[in-house]
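Please read the following briefing alongside the sequence and the three-dimensional view. It takes up a group of aromatic side chains and then the strands around them.

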Amino acid sequence: MRIPKAGVPGLVLLSAGALLTACSDSGGELDYQTGYASHRPLRVTGYPSTGSLETVQQVVWRLADGDVDGLAALDTEGGDHSAARDWVETYGTAARAEVSADFLDEGSVRQDVVLHFAGPRRTQELTVRIGDDDTWGVVLDAPDPTPAAPR
C-alpha cells in the first residue's frame, strides 16, 4: 500500500497521538469510563466535588456488582470486608435500580451524602472523604437502612 506524501505527516501525528494516549492512561480513567458506561446513571443533587462524586459513583457501582473486595478497597478506615459484605447484602440489589445521591455541605475534603434507593425505597447516609493516602474513599459504617421519606 502506498501512502501519498501529503498523508504521511497526518499519519505520523495520528500514530503518535494513539501511542501517547495508550501510554498516558494508567487504567484508572479507562476503568472509570467502563464503570460509567455499564451502570445506571446516578441522579445527583447538591454540589459534589469531582472526588466525592466519583467515589459515590464507585460505591454504588460496587454495590450493584456485588463487589465486596472493591467496596472494601474504597474504605478509608482500613478496608473492612465485613462492613463491605453487609453493605452489599443490604443494598446490592437496590443499587441495580435507580439511585440518587444528595450531596450535603461543601465537598473539598469531606462530604456527607444521602443515598436514596428507589427499589426498596430506603435511604442510607454515608461520608466520603480524603483518606490518609490523599485519595477519596468512603467511611463504611454499619449499614442503617431507613425507610425513604416522601420526596
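Tyr-91 and Phe-117 are both buried, where buried means under 20% relative accessible area, exposed over 50% and partly exposed in between, computed with a 1.4 Å probe on protein chains only. This is a predicted model, in which local features need pLDDT of at least 70 and side-chain atom pairs count only at pLDDT 80 or more, while totals for chains, interfaces and linings use all residues. Residues are numbered from 1 along each chain as its sequence is written, and side-chain values use heavy atoms, with hydrogens and water left out.

**Aromatic cluster**

- The structure holds 2 aromatic pairs, a pair being two rings of Phe, Tyr or Trp (its six-membered ring) whose centres lie within 6.5 Å, with planes under 30 degrees apart counted as stacked, over 60 as edge-to-face and the rest as tilted.
- One of these pairs is formed by Trp-87 and Tyr-91, and it is tilted, with 5.7 Å centre to centre and 55° between the planes.
- Trp-87 and Tyr-91 both lie in helix α5 (residues 81-91), 4 residues apart, which is about one turn of the helix; helices (H or I, at least four residues) and strands (E, at least two) are DSSP runs, numbered from the N terminus.
- Trp-87 counts as buried because its relative accessibility is 1%, and Tyr-91 is buried with a relative accessible area of 0%.
- Tyr-91 also forms an aromatic pair with Phe-117, and this pair is stacked, at 4.5 Å centre to centre and 15° between the planes.
- Trp-87, Tyr-91 and Phe-117 together form one aromatic cluster.

- In β2, 5 of the 5 residues are buried, so the strand is largely enclosed by the rest of the structure.
- In a regular strand the side chains alternate between the two faces of the sheet.
- Both faces of β2 are covered, with Val-99, Ala-101 and Phe-103 buried on one side and Ser-100 and Asp-102 buried on the other.
- Strand β1 (residues 43-46) runs parallel to β2 and is joined to it by 4 bridges, where two strands pair if DSSP finds at least two bridges between them.
- Within this pairing, Gly-46 stands opposite Phe-103 in β2.

- β2 and β3 run antiparallel and are joined by 5 bridges; Val-99 has Phe-117 in β3 as its bridge partner, and Ser-100 stands opposite His-116 in β3.
- The two strands form a hairpin with 6 residues between them, and Asp-105 in the turn has a positive phi of about 60°.
- Asp-102, which lies in strand β2 (residues 99-103), is buried with a relative accessible area of 16%.
- The side chains of Asp-102 and His-116 are joined by a polar contact of 2.7 Å, meaning a pair of N or O atoms within 3.5 Å in which, within protein, one must be able to donate a hydrogen and the other to accept it, and residues adjacent in sequence count only if both atoms are side-chain atoms.

- Strand β3 (residues 110-117) has 6 of its 8 residues buried, so it is largely enclosed by the rest of the structure.
- β3 pairs with strand β4 (residues 122-130) in the antiparallel sense over 8 bridges, and the bridge partner of Gln-111 in β4 is Val-128.
- β3 and β4 form a hairpin with 4 residues between them, and Arg-121 in the turn has a positive phi of about 55°.
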